[in-house]
Amino acid sequence: MAKGVRKKATATATRGRGAARARALEPVAAPVDGGLAELVPDRDRPRAWTLLVDGKPQSHVDLDDPSYLDFEYQRRFGHIADLTAPPGRPVHAVHLGGGAFTLARYIAATRPRSTQQVVEWDAALVQFVRREAPLNPADRIRVRGADARVGLGKVPDGWADLIVADVFSGARTPAHLTSVEFLAEVRRALRPDGLYAANIADGPPLAHLRAQVATARAAFAHVCLTADPAVLRGRRFGNAVLLAADRELPIAELTRRAATDPHPARVEHGRPLADFTAGAPPVTDATATPSPTPPPKVFD
């Protein structure tokens, strides 16, 4: 599940019958293992929903247009998915954390015939989303109920073109998904030219984010980080998207896309990213801790 500050990608104003349909939708809610899950209709898009758990935004999905990505960090994941392989080519993707299956739906829409696995520990949440915002059976998305690290362990060696980690328990990433041992398992499941992307939430003094960058740099040959400049400067709590691989990263195109987004972001890599870690040591299973708890007003 994703957890982060919501920033809408666009301020779309839907009129006529579409707006009337949106107004007809009502929020739906159900208890899940992680708390109270709600799907709240997007009043600007006829069949779009925002998923919240215990009042905190998790993800947004448009059932009529799965290629539409609303949340700031989800758009960054979308850019990475677009750059995983040549346009339209099917890929093998693993999603650690399910939410509303937003990125899996996006890849199915933009790369037909892709084969995808979603690993989500909250079985009740999976049932709720499947019931209220069902997946297209033709999209070849398999949902596995398991802890993310346990589920990743069942992915065959070298199977995945893309592995995405967007896992939160409450508002925090579990400690066992932050270590070099976890990233060793990620590398095992990736193809030699595969990409790993992770949603990392942190705020000042950015100790968790710096440690996660150091951990990725210890595990992969190439690493970059995409985030709002205010987050990178430690001025506010927010989401950063880490990208890592053992091949050269598409830095130039990722930078162009991040800069032209509705909410522009900066891409850090190379020496500036190494300097950003400020000497933070890589995280191991023995030293791992969950990501920090967001400040109370982050989700207001």
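**Figure 1. Helix H2 of the predicted model.** Helix H2 spans residues 72–83, twelve residues in total, and extends 17 Å between its first and last C-alpha, close to the 16 Å expected at 1.5 Å a residue. The expected span is 1.5 Å times one less than the number of residues. Helices (H or I, at least four residues) and strands (E, at least two) are DSSP runs numbered from the N terminus. Ten of the twelve residues of H2 are buried, so the helix is largely enclosed by the rest of the structure. The buried residues of H2 include Glu72, Arg76, His79, Ile80 and Leu83. Buried denotes under 20% relative accessible area, exposed over 50%, and partly exposed the range in between (1.4 Å probe, protein chains only). This is a predicted model, in which local features need pLDDT of at least 70 and side-chain atom pairs count only at pLDDT 80 or more, whereas totals for chains, interfaces and linings use all residues. Residues are numbered from 1 along each chain as its sequence is written, and side-chain values use heavy atoms, with hydrogens and water left out.

Figure 2. Ser59 belongs to strand S4 (residues 56–62) and is buried, with a relative accessible area of 3%. Leaving aside neighbours within four places in sequence, Ser59 is in contact (heavy atoms within 4.5 Å) with Trp49, Thr50, Leu51, Phe71, Tyr73, Gln74, Gly99, Ala100 and Thr102. Ser59 and Thr102 are 43 residues apart in sequence, with their C-alpha atoms 7.0 Å apart in space.

**Figure 3. Aromatic pairs around Tyr196.** Four aromatic pairs are found in the whole structure. Rings of Phe, Tyr and Trp (its six-membered ring) pair if their centres lie within 6.5 Å; planes under 30 degrees apart count as stacked, over 60 as edge-to-face and the rest as tilted. Phe182 and Tyr196 form an edge-to-face pair, at 6.5 Å centre to centre and 70° between the planes. Phe182 lies in helix H6 (residues 180–189) and Tyr196 in strand S9 (residues 190–202), so this pair ties together parts that are 14 residues apart in sequence. Phe182 counts as buried at 1% relative accessibility, and Tyr196 is buried at 4%. Tyr196 also forms a stacked pair with Phe220, at 6.1 Å centre to centre and 5° between the planes. Phe220 is in the loop between helix H7 (207–219) and strand S10 (222–227), so the second pair ties strand S9 to a part 24 residues away in sequence. Elsewhere, ring pairs link Phe71, Tyr73 and Phe77 into a cluster.

**Figure 4. Nonpolar cores and the contacts of Ile163.** A nonpolar core is a set of buried Ala, Val, Leu, Ile, Met, Phe, Trp, Tyr and Cys residues joined through side-chain atoms within 4.5 Å. The largest such core has 36 residues, and those with the most contacts inside it are Leu96, Ile163, Val186, Tyr196, Phe220, Leu225 and Leu242. Not counting residues up to four places away in sequence, Ile163 touches Val94, Leu96, Leu152, Val186, Ala189, Leu190, Leu195, Tyr196 and Ala197. In the protein chain, buried residues make up 55% of the 300 residues. Among contacts between residues at least 6 apart in sequence, 71% join residues at least 24 apart.
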